Amino acid sequence: MRLPIRLLVPALLALSVVGCSCQRQTDDRAAATTPAPARPQDDAAARAAAEAAQRAQAQNQQRVEAMTEAVNTLHLYLQQLSSGKRELAEKHWAYGRQPRGNEEAGLRQIEQFSGMRIENDTPEPLDQESVPESLEIPVELRVSLPGGENRRYTGWYRMRRDPVDRSWKLTATSLSVALR
């Protein structure tokens with residue numbers, strides 16, 4: 001004997017609903033008698049992990065800000081040097097020191113610039129601090145002179161954070177004229 005599908009579908013639906021309601025009551029009773037898992041430890045571990053991630057992110061942000069600040073100081077120095085504001089430029093050197101002529105490959109001897117293009121690579125920390133206090137910044141400078149002459153300089157500048165006012169100061173440089 002075959003039952004038409006029309007009769008089987010409502011019967012199966014009725015059975016599935018009855019089965020589900022019985023299961024829910026059993027699950028609710030089991031949940032009521034089973035002790036809750038230890039959430040405070042999980043919550044404490046999650047909070048500790050979140051706080052550690054937050055500290056790491058804040059420290060990384062401080063690192064990036066310090067490096068950006070150092071690069072901005074170097075760019076300001078080079079802009080002041082190329083625009084003829086040498087007295088302002090010299091204030092960026094630590095200990096009142098000025099670079100010798102050979103350290104900047106004659107860059108300071110140029111009387112007039114038509115333009116200067118400054119490119120730098122990522123600063124390299126010279127210390128083991130999480131937020132560096134001493135950096136070496138690789139640079140490439142393209143200098144245009146009034147007579148149409150162009151020069152390219154490559155090298156690096158070293159900078160250290162002043163312990164008193166926390167500003168970045170130049171401490172050393174090594175530039176050379178790049179041959180084409």
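**A walk through one predicted chain**

In total, that is three helices and five strands. Keep in mind that this is a predicted model.

How confident is the prediction? The chain averages a pLDDT of 83. At least 70 is the score for 77% of the residues. Which element has the lowest mean pLDDT, and which the highest? Helix α1, residues 5–33, has the lowest, at 53. Strand β3 has the highest, at 97. Now look at residues 20–24. There the pLDDT is below 50. Where pLDDT is low, the predicted coordinates should not be read in detail.

Next, the chain as a whole. It has 180 residues, and 28% of them count as buried. The chain exposes about 12400 Å². Carbon and sulfur atoms supply 52% of that area. What about contacts? Residues 24 or more positions apart account for 54% of them.

Now to the inside. In soluble globular proteins, nonpolar side chains tend to be buried together. Here, the largest nonpolar core holds 28 residues. Which of them touch the most other members? They are L74, Y77, L78, L107 and Y157. Several elements give two or more residues to this core: α2 (39–82), β1 (115–120), β3 (134–144), β4 (150–161) and β5 (168–177). Helix α2 gives the most, with eight residues.

Let's zoom in on L74. Set aside its neighbours within four places in sequence. What is L74 in contact with? The partners are I137, V139, Y157, M159 and L170. Find Y157 on your screen. Y157 is on that list, and Y157 is also one of the core residues that touch the most other members.

One more residue: V71. It lies in helix α2. Is V71 buried or exposed? The cut-off for buried is under 20% relative accessible area. V71 counts as buried because its relative accessibility is 12%. Leave out residues up to four places away in sequence, and V71 touches N120, P123 and I137. Last, compare V71 with Y157. They are 86 residues apart along the chain. Their C-alpha atoms are separated by 9.9 Å.

Definitions and conventions:
Residues numbered from 1 in each chain as written. Predicted model: local features only at pLDDT ≥ 70, side-chain atom pairs only at ≥ 80, totals over all residues. Heavy atoms only, no water. Core = buried A, V, L, I, M, F, W, Y, C linked by side-chain atoms within 4.5 Å. Buried < 20%, exposed > 50% of the residue type's maximum accessible area, 1.4 Å probe, protein only. Helix = DSSP H or I, 4+ residues; strand = E, 2+ residues; numbered from the N terminus. Contact = heavy atoms within 4.5 Å. Areas by Shrake-Rupley, 256 points an atom, 1.4 Å probe, with all protein chains shown as cover. pLDDT = per-residue confidence, 0-100.
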